[in-house]
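Open the model in your viewer and keep the selection tool ready. The tour goes from aromatic rings to charges over rings, then to the cores and the whole chain.

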Amino acid sequence: MVVWMRDFSEALNMEPVLDVGDKPVPVEITVSRGHNLQGSKNFSFHTLLRIEFNGSVLGESDKRQDVSVDHGVDYDFTCSFNCPDTMHTLDHLAHKPLIFTVIEILPKEKKQKERTNVLGQAVLDLLPLLHGQCSISSTIPVHPVTRSPLEATSLEDSAQQPSLEVSVSVPNPLLSKDQLLGCNLLKVTVETAFSVPEVWHLSTTPSPPSSTYVVALQVPLTADKEQVLMFPEGLLKAGGEREAPGRPKKWPLATLAAPGAQVVPGAAIHELPIDEEAGELTGAEFRDFRCEAETAKKRVCWDTERRCFLNVGGAARLSQMIEECRLWPVEIMACSNQGMKGMDGNSPFTQSRTINLSENELQISFHGVAYMDMGPLLYPGATRIRGAYKILPFSETELMEKTKRARSVLKEQVARAAACQGKLRAGSAVGPSKMTTPKTLDGANKAVKDMKEMPKKISMSGGPGKPLGGDSFADLEPQSCSERQMYTEARTYIILEISLEKPLVPKRAPAEVAKKVMELIPLRTPIPRRSAGAEKAVQEFHRQVSSVVSQILDQYQQLFGAAFLPGANPLDPSMQEQRRIQLLGELNYSGKYFAFKEQLKSSVVRIVREKMLRTEPFSDKKELQGFLSQLYVYLVDQMHVALNKTLTEDVQEAPLDPVLDIFQLGSFAREAMLNGDHQLAAHYYRERLARQPKEPSHWFDYGTLYLLTGDNMKAEECFQQAVSLQEQSHQPSLMMCGILAEMGGRYKDAELYLEGATCIQPPSVVAWTVFGLFHQGQNNHFKAEMSLQEAGKLLKANMESSLPCRGKAQREKEDEDEEEEVSSGRQSPLDKAEGISQETDRLSDADPDVSSVVSLNSQIGDNNRAESTPPRPSTSIYMETAQFLLQNYALQMVQRALGQELLCSDGILSTTYHLTMARMQLLSEDYSSAAATLREVLNLTFKDPEVWALCGHCSFQSGELREARGCYERSLNFQQEPSDTHTIFLRLGSIYLQEKQYESAKATYLSACSNSPSCLTWLGVGIACYRLEELVEAEDALTEANTLNNMNPEVWGYLALLSLKSGRRVEAEQSYKYVVKLNLQNKSLLREIKELQDRLGFGDPSF
């Protein structure tokens, strides 16, 4: 009955899937020869060949008699059919093969008809015709049927495999180039249902099983036509071992007599790791259950692939349906096989006997449904979904809620099949001759037409006015509540796979993305430095002087060159003046002297205009004489420069090493940014760019400074410069360009930048996460989901790759901790609470201000709760992204990342989340919110130095210096130091200086100098030593600070104080000049300098 239902369903959808203008094309099949064929007898046999397609016989070859077993069979048989037409559509070509049946003709016996015996079958896949090929030539194997003579031949020698030489050709391609580009091929594979209900019993007899299992799914073929895919003949199998990997897929046909012919050539089931599947049972909590179910429990196997040809409208309709509802129902039922006893043939239109189905055989039992998430097919570039999906009891209410579909396609198909059976029974009462199904194709077409004209809802009745069982089939629901719950109790799930030949949403290639990014940010070749204006005028004067000098040397060579020849008398030094007079006379006599003056005149005029900026005549003779004197001196100096270049050999002087290297410049710039001195930070970044203008990371850091100051336009220019310097492959800059483009409302540019960042190798977790957050903001849920899933996979791979590196050390540490716990015994929560209380009391006595930051009761309660909390992953894609964005001051995107982390946290937020939130609030200058966030962190843990360091920063920036001091001291007292000790040392040292704890300030600043020395650290040491009257050490420290940054006015101010106290007048005045020049803002220090100058009577040059 189930096979009949499937064929009936296909018959209802036999309308051609055609585009406008399509014409039928003849498909010609030729079988030239058969090899290694053998009949019942060992020496010769009679044979013929039958070719079938789509349930109809295309033709039979002539009988070949007395064929020798040792020689091949020359069939030389040709037949054809038209495609696409009303019987054979392009979809049929996609999922149905050509079937070649080799038949042996047995000898006639007296007064009996000729008998035949099927030897084997071969199949040929016609899918290449849908790929644009015009011919297929192949030698296909002949698979023997059960108990066929060919079985022995196949088993004895695999090289003697029975085969047929087949060729298929069409005069023109079935699809045009445009149709090939727009169409698609959908492949649906139903593999196995595991952990099925225990009431499904295996057959203990060799006879066929009494029940079969059916899966149904509805898919679109065209813009207005849908097809119900039926997968019957599910085979119930016992557990005990796993299904073989790489097992072949089967044709969705029940008409193949040879077992080997049921296999789709070249198609196999390729399994995926559980965590890479797209189903519902992918978590670690399902692994043990799935392992047990797929090994030990009963299962139902289909391993069947159904291919569907989608034209342009069908592919667009598929995308539209997924967008409207991403959950698609896949229904399953159990069905009796009794209805198949009266069937003989391939379809209901080739039957020779009346089919009788009883009421019980029409019942749907164990009606279940799995909801398959088709959304991943709308991911860019996605072509495959495979996963395990839970089978739930079927409910029309739940079906409507989840899929927006009102009816069960499985019920609908069974109802139609039953209605057709009722019509056939009614017709059989008229006469058996009218119920005989015609064998011709025209008869089949008529039957299909009659069935399509039947109403969708029809009452099943054995005769007029007698409904079957008293109810219509649409209302028939024989399942009981207990039967419905068996799927849930057994935790049944089914493995499904859906794949496409082409992605529904094409993914741009990395080369295409890079090209489009290049259009936004073209490669910028460095502009050659060209001299212009005054510099160019001076260079022209140097060239003219060099030319005049060369001509004078030539004239001198003509007059006195004989003295330089070998063996000649050298020139008399006492006659040098006479030779000069002779040379000048020759130059005057020849007119070259005046030519030299004219040659130099234009370059001198340009110097006057562009260097001296004089373009108007002089009205005062005295002013003219002064200008001429100044011009003469300048021209003589430049003449000497030109002569030195001409007459002396250039000596390359070794360049002096800069005082600060690139690393120090970057460190000092970041230090200035933390202290709020953005102008000084920009100076350091510009210095780095002057030394290495082609380094993208320098431009990126410079852009982050502008982002911090709110100048997004200049920030984007810096990021674009970094991208252009590295040929569109600087990933951080591409991400920041995308973020700034989104902030500016340029969403297409933002998508292009972020997509380009994801195309760069190696792939980045942050890039994919930012891409996903962007698509979330655009309400593009499918692309957002794909991007975030890709980020999760990368993060997991990164964490797994880092485990071997630290695994051994971590295991050793865990072993030591376990031994220590065993030896000392585990503390009870009460003991821990008492220890916390004692620790807090001790700290409160040492510093009363600390008690305002920590709440003892909340610490005890939360610490006890933390023991029962299960461990969570150390990080997530959102936290990785938030930390990157926070480092680069993209605060808007940080908020979105933290918001997603909050949604995914299930109410359990990590310490890292709170710390990141606090850092963001500090950068936003929201100190009250930052303090509240940090109090929440302290409720989770009070032994994290990062938490206390941030508490110190919050208090310091709020002006609460005493509380800041206590927090900083606490953070430095831990065995593990905070990540940024430099800032802590600087701020703690400044607090000590304000509180006049100079010894503590000196020690703190010296600690900072030992880790990362800078101008500010040495300045702090110098100030502390000066206040302690350690003048020698103070001078050394201030000198070092001045070496690292000679533009700091405070350094010059303390150098001025130091020089005044040491009695060094010149140095004191020189230092004070720089104090005034650099505009010292520290009024108290300036007042102290003035008072000391007044008392000593020197130090100010203006006295």
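Select Trp 200, Tyr 213, Phe 366 and Tyr 487: ring pairs link them into a cluster. Rings of Phe, Tyr and Trp (its six-membered ring) pair if their centres lie within 6.5 Å; planes under 30 degrees apart count as stacked, over 60 as edge-to-face and the rest as tilted. This is a predicted model, so local features need pLDDT of at least 70 and side-chain atom pairs count only at pLDDT 80 or more, while totals for chains, interfaces and linings use all residues. Residues are numbered from 1 along each chain as its sequence is written, and side-chain values use heavy atoms, with hydrogens and water left out.

By the pairing rule, the count is 16 aromatic pairs. Zoom in on Trp 200 and Phe 366, an edge-to-face pair with 5.4 Å centre to centre and 90 degrees between the planes. Trp 200 is in the loop between strand 11 (184–194) and strand 12 (211–220), and Phe 366 is in strand 18 (residues 365–373), 166 residues apart. Helices (H or I, at least four residues) and strands (E, at least two) are DSSP runs, numbered from the N terminus. Buried means under 20% relative accessible area, exposed over 50%, partly exposed in between (1.4 Å probe, protein chains only).

Next, pick Tyr 556 and Phe 560. Their ring centres are 5.0 Å apart with planes at 55 degrees, so this pair is tilted. About one helical turn separates them, because they are four residues apart in helix 14 (residues 534–560). Tyr 556 has 25% relative accessibility, so it counts as partly exposed. Phe 560 has 9%, so it counts as buried.

Now for charges over rings. Here NZ of Lys or CZ of Arg must be within 6 Å of the ring centre and within 35 degrees of the ring normal. Show Arg 405 over the face of Trp 328, 5.3 Å from the ring centre. Then show Arg 970, whose charged end sits over the ring of Trp 948, 4.2 Å from its centre.

Move to the largest nonpolar core, which has 152 residues. Such a core is a set of buried Ala, Val, Leu, Ile, Met, Phe, Trp, Tyr and Cys residues joined through side-chain atoms within 4.5 Å. Trp 302, Ile 322, Ile 494 and Tyr 702 touch the most other members. Helix 24 (residues 765–777) gives the most to this core, with eight residues.

Finally, zoom out: the protein has 40 helices and 23 strands. Of its 1103 residues, 45% count as buried.
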